[in-house]
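Dear colleague,

Please find below the structure that I am handing over to you. A summary of the findings comes after it.

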Amino acid sequence: MIQPKRLLLNISRAPSNTENRLGKVMRLDHNERTTPLPQAVLDAVWKTVSPEEVVAYPALESLYRKLAASLGVPRECLLLTYGSDTGIRMVFDTYLNEGDEVVMLDPGYGMFPVYTDMFGGKRVFVKYDADFSLPVTRIIEKINDNTKLVILANPNHTGTAMADGDILKVIQVAATHNALVLVDEAYHYFYEKTMIGQLPAYDNLIIVRTMSKAFGIAPLRVGYLVSQSANINNLIKVKLTYDVTTLSAKFAEYLIDHPSIGLEYVRDVNEGKAYLADEFKKLGAKVFPSVTNFVFVRLPEGSDAVKLVRALEARDIWIKGPFKGVPVDGYIRITVGPRAQMAIFMEHVKELMGKKHEG
Ligand SMILES: Cc1ncc(COP(=O)(O)O)c(C=O)c1O
């Protein structure tokens, strides 16, 4: 067999998930939108597509201008990407030399370490405390002259957010070592704060966002990078010739023009989250507070989390976990949907935990 290039020899990745998760009971495992967009939205978007647009290569200028205006950033500070995952990969591809250190939080988005390996970087993990806290000094002390990239998902993988002041400290320390900070705001809109306002002041700051989460169009693969234009001009060097498609751009534009669709979903998720926290508490479980559309839940002492996850799976209800490692050891993770959906979910949980008739 012909070997792949050296840097790929130790990377193993599961084959792409081709399993059909559609039309099953509940997809609460990948932090997508859990309820369909209204058919009226699909019909309205489709009406904006001209026959010529489905034969010509994508022309994304209209989306660029709309998105730049909605974010309040200059057009040249923006780069649309094929999902935010591709945007993240482009940052590695543009900046990482072999041996450069990449500082990232553990747990974190699974592709950060994979891209570090793929581009020859050195993984530097920063761990949380068991109570989900992470003093910013712990991140800062890992930054040195070998650091090229510091990645902060905010909110992060535990569903919590870092204070803006702490993120700024990291950006400032990174700047003194010529290191970039990539702030991944995938869960923006569930959490309103953003570092976008800091972009003019820091040339070592890149922000990545996605339309997969609050806006709900994960399969359409629309993400974007925001940074000073000089950085965007470098990132463009590794861009695929074409990535975001015309149809995806049409959906994205429609959702930017109709922000209530995303914002109502955020409100629905917040209601679902409050409901889940109450219901799990009644069962003696602990829901860790989250500013995202997912929650970590620790079942009461003596409950078998593995058994519950498997039993839910047998009913075509997918959740994640139980996880291993601090701080999420033993926790399960549930993507939160609107309250009505969460009520159905909790019926299943209560039945499986034998608490159906106890209120
Ligand atoms: C923190 C974070 N960043 C990025 C992504 C990638 O999202 P997408 O490629 O759909 O934009 C995810 C997906 O779960 C995520 O959790």
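The notes below cover the sheet, the helices on it and the cavity.

This is a predicted model, in which local features need pLDDT of at least 70 and side-chain atom pairs count only at pLDDT 80 or more, while totals for chains, interfaces and linings use all residues. Residues are numbered from 1 along each chain as its sequence is written, and side-chain values use heavy atoms, with hydrogens and water left out.

An open sheet of mixed pairing is formed by seven strands in the order E2-E8-E7-E6-E5-E3-E4 (strands are DSSP runs of E, at least two residues, and helices runs of H or I, at least four, numbered from the N terminus; two strands pair if DSSP finds at least two bridges between them). Its edge strands are E2 (78–81) and E4 (122–127). E7 (residues 205–210) and E8 (residues 223–227) run antiparallel and are joined by five bridges; threonine 210 has glycine 223 in E8 as its bridge partner.

Helix H2 (residues 61–71) packs on the sheet, touching E2, E7 and E8, and its direction makes about 120° with that of E2 (contact means heavy atoms within 4.5 Å; axes are lines fitted to C-alpha atoms, for helices over the stretch in contact, and angles run from 0 to 180 degrees between N-to-C directions). Helix H6 (residues 164–176) lies across E5, E6 and E7, at about 155° to E6.

The structure holds one cavity of 30 Å³ or more, and the largest cavity has a volume of about 50 Å³ (on a 1 Å grid over the protein atoms alone, a cavity is a set of points where a 1.4 Å probe fits but cannot get out, and lining residues have an atom within 4 Å of a point; a volume is the space filled by probe spheres set on the points, joined across faces, edges and corners). Strands E3 (101–106) and E5 (147–153) each supply at least two residues of its lining.

Yours sincerely

Note on methods. On a 1 Å grid over the protein atoms alone, a cavity is a set of points where a 1.4 Å probe fits but cannot get out, and a pocket is an open set with protein on both sides within 12 Å along at least five of seven lines; lining residues have an atom within 4 Å of a point.
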